[in-house]
Amino acid sequence: MSDLLTGFRTILAGDYPRLLLSGLGLTLAVSACALLVSVVVGTLLGVVRVFRVPLLGALGNAYVEVVRGIPLIVLLSVVYYGLPALGVTLEGFPAAVLALGLYSAAYTSEIVRGGLGSVPAGQTEAARSLGLSRTQALRYVVLPQAWRVALPALGNEFVSLILGSSLASAVTLQELFSQGRYITNATYRQFEVYAVLALVYFLLTFTLTRGVRALERRLGRGQTLPDRRVI
C-alpha cells in the first residue's frame, strides 16, 4: 500500500499534472471540433436520407453503412497515414478531428434522421400552405423541432467522441491518453498512471452525462410524444 501511495505522489508531483492538464485540454479541443464536423456532415446526411434526395440519398446510406463497419482506429490510420499517398498530408490535430468527425457523422445522421422522423408530416404541409418553399419549411419549421429532440442524443455522442479521442495517440497527437503513456514510460508506474487516467475520463464523462440527462429532462418537460412519421 505504501508503494502505491508513493507511486501516486510521484505522478501527481512535478510537471506531470501539467502534462495531464495539457492532454485533457487537447482531448476536449479535438472532441469539440470533431463534434462540429459530425453535426454538419451528419445533418446533411440525415436530411438527404430522410427526403430520399436522388443519388445523394443512396450515397448517404452507403456512407453510413461503410463507416459504421470500419473501426475508428482504421479510419484514423487511413486519414493520417493513407492520405499522404494521394498527396494530402495532415498534421495530427486536423487528422484526428477529420477522422473522428467523419466517423461520428455516420451515427449523428441516424440521430438527425430520428429527430426528423419525430416531426409530424403536418408541420411541413402547414409551412408549405403558408407559402414557404420546401427548403424554407425544412430550415425554419422542421429542423428546429428535430434538433430539440436530437440534442440529448448529440450530448451522448459528444461523450463517445471524448472516449474515442483516446485513439488519437495513434496519429501522434499528445492528448490525455498519450500524455499518460509518456508518464508511464518516465516513471514505470503503470497502475497508478492508468488509474488516474481512468478517474479523469470517468469524472469528465460522468459530468457530461449528467448534463445531458438534465437537458433531456428540461426539453421533455411538458411535451407529448408526436407521431413518429418520416416526412
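Glu192 is buried, because its relative accessible area is 4%; buried means under 20% relative accessible area, exposed over 50%, and partly exposed in between, with a 1.4 Å probe and protein chains only. This is a predicted model, in which local features need pLDDT of at least 70 and side-chain atom pairs count only at pLDDT 80 or more, while totals for chains, interfaces and linings use all residues. Residues are numbered from 1 along each chain as its sequence is written, and side-chain values use heavy atoms, with hydrogens and water left out.

The side chain of Glu192 meets that of Arg189 in a salt bridge, at 3.3 Å from N to O. A salt bridge here is a side-chain nitrogen of Lys or Arg within 4 Å of a carboxyl oxygen of Asp or Glu. Arg189 is also buried, with a relative accessible area of 18%.

How many salt bridges does the structure hold? There are three. Glu110 forms one with Arg49, where the closest N and O atoms are 2.6 Å apart. This pair links distant parts of the chain, since Glu110 lies in helix 5 and Arg49 in helix 2 (residues 16-50), 61 residues apart. Helices are DSSP runs of H or I with at least four residues, strands are runs of E with at least two, and both are numbered from the N terminus. Arg49 counts as buried at 11% relative accessibility, and Glu110 is partly exposed with a relative accessible area of 25%.

Glu110 also forms a salt bridge with Arg113, the closest N and O atoms being 3.1 Å apart. Glu110 and Arg113 are three residues apart in helix 5, so about one helical turn separates them. Arg113 counts as partly exposed, at 35% relative accessibility.

Helix 5 also takes part in helix packing. Two packed helices are described by the angle between their axes and the distance between the axes. Helix 4 (residues 72-82) and helix 5 (residues 92-117) pack at an angle of about 135 degrees, and their axes are 9 Å apart. The axes are lines fitted to C-alpha atoms, for helices over the stretch in contact, and angles run from 0 to 180 degrees between N-to-C directions. That angle makes helix 4 oblique to helix 5, because angles under 35 degrees count as roughly parallel, over 145 as roughly antiparallel, 65 to 115 as roughly perpendicular and the rest as oblique.

On the helix 4 side, Leu72, Leu75, Leu76, Val79 and Tyr80 meet Gly92, Ala95, Ala96, Leu98, Ala99, Leu100 and Tyr103 of helix 5; contact means heavy atoms within 4.5 Å. The residues of this contact divide into 11 nonpolar, one polar and no charged. Ala, Val, Leu, Ile, Met, Phe, Trp, Tyr, Cys and Pro count as nonpolar, Asp, Glu, Lys and Arg as charged, and the others, Gly among them, as polar.

Thr184 is placed in helix 8 (residues 176-187). Thr184 is buried, with a relative accessible area of 5%. Leaving out residues up to four places away in sequence, Thr184 touches Arg189, Gln190, Val193 and Tyr194.

Ala195 is found in helix 9 (residues 190-220) and counts as partly exposed at 27% relative accessibility. The C-alpha atoms of Ala195 and Phe8 are separated by 9.3 Å, although the two residues are 187 residues apart along the chain.
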